[in-house]
Amino acid sequence: MKKDVKIAVFFAFFCFSVCSLFANSSMYDVSYNGSAAGSSEYFAILDTCYERFNSVFHFDSEGPGFKYPVSLFSDENEYRNYVAEKTGSARPKSDTVFLRYSAIAKSEVAAIVSPANKNTFIRQLFTQYIYSFISNPPAWLCNGFSLYFEEYENAFESPWLEPAKALYLNENKRIPVQLMLEATKDTYTPDVFLPQTWLFVTFLMQTPYARDSRFLYDGLVAAEKNYSDTDCFIEYYNKWIDNQQFQKDYDEFVKSLHSVKEDLSAGIKAYSNRQNEEAKRLFLRVLQAQANNYTASYYLALTAYTEKNYKEADQWYKRALQDGADPALVNWGLGASAYADRRFEEGRVYLLKAKQLDEATYGKKVDDLIQQMPTNGR
């Protein structure tokens, strides 16, 4: 097999085979050991990850001057034996490792191909990437961006948001900017440090203020050219950044973050307190982040019902049903809405459906409401 074959061709040709093969992508030298079944996600990651990383860091678009070594395994024992042999130590417990050597061009990522291991693989690829351009990257940058680049295909927001915000708002666990910049990987426990590194780099990426974002980009320029043990980010921060203003901006950013769970809880509370406009604002914000959140749609239906906007309530009920809400509950809501709007025959259909789906909960309620309907349907 020619060494310059593309990853996509490599995968298609050897799919379902058991083998030990080598291939190149534009940025990676890949050794694949085992059955190719299930490996397509990993090859897709390798095809795109350098461009993703570099869209933020803006290093050389052609790469660091060498191809990154990557070894993939479908067999767990083969992987662990390989890493143990490479490191001369006990077999690793983790399913992905970055084997770092003084010659960075030889430093490789080794991983077990598994859907559950995908994000860990991305983290280690980022670590490999950043060490190829910065000889001694700070802990906050390595850890924070490795989490920032993770992929959550079925999620609407990063799972790091809620724990990170909770930690930062806890005075006993908060890591302010100056301490974050000075921290090593051993300064704090991972459960405290990792979420807050994600929070800090998210701030740097999303801050509306150029005075804050330039810390990252000017620091990167200095760090790429630095071959000493000096931390260029700390030097730049101390020389050019107003710590008090920067910290204030960071604090305000964290307080402004809101998770879907927070918005949903606040919306339900506002609805219970009959603060309809606030409730609608929060539920609509939930749907902006997670379009198929049926709880938000259901409560928007309830809010419209309380305002006697019955046709609007119907639309939200039907959307909630489409997105997975309890069919009995929604049919009861549609029936009650139609009844209030004097669409009695339509309401009867929905109510009987609710009773059919959940006799225990809706049987008597449906019977009582139907008895109140005019017999002529008017």
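Author: Helix α13 (residues 276–289) packs against helix α14 (residues 294–306) at an angle of about 155 degrees, and their axes are 9 Å apart. The model is predicted, so local features need pLDDT of at least 70 and side-chain atom pairs count only at pLDDT 80 or more, while totals for chains, interfaces and linings use all residues. Residues are numbered from 1 along each chain as its sequence is written, and side-chain values use heavy atoms, with hydrogens and water left out.

Reader: What makes α13 roughly antiparallel to α14?

Author: Axes are lines fitted to C-alpha atoms, for helices over the stretch in contact, and angles run from 0 to 180 degrees between N-to-C directions. Angles under 35 degrees count as roughly parallel, over 145 as roughly antiparallel, 65 to 115 as roughly perpendicular and the rest as oblique. The angle here is about 155 degrees, and therefore α13 is roughly antiparallel to α14. Helices themselves are DSSP runs (H or I, at least four residues), numbered from the N terminus.

Reader: Which residues of α13 and α14 meet?

Author: Contact means heavy atoms within 4.5 Å. On the α13 side, Asn-276, Lys-280, Phe-283, Leu-284, Val-286 and Leu-287 meet Ala-296, Ser-297, Tyr-299, Leu-300, Thr-303 and Thr-306 in α14. By class, this contact has seven nonpolar, four polar and one charged residues. Ala, Val, Leu, Ile, Met, Phe, Trp, Tyr, Cys and Pro count as nonpolar, Asp, Glu, Lys and Arg as charged, and the others, Gly among them, as polar.

Reader: What is the volume of the largest pocket, and what is the volume of the largest cavity?

Author: The largest pocket has a volume of about 750 Å³, and the largest cavity holds about 70 Å³. On a 1 Å grid over the protein atoms alone, a cavity is a set of points where a 1.4 Å probe fits but cannot get out, whereas a pocket is an open set with protein on both sides within 12 Å along at least five of seven lines; lining residues have an atom within 4 Å of a point. Grid points are joined across faces, edges and corners, and a volume is the space filled by probe spheres set on the points.

Reader: How many cavities of 30 Å³ or more does a search of the whole structure find?

Author: The search finds one. Its lining residues include Ile-134, Pro-137, Asn-226 and Phe-233, and by class the lining has six nonpolar, five polar and one charged.

Note on methods: Helices (H or I, at least four residues) and strands (E, at least two) are DSSP runs, numbered from the N terminus.
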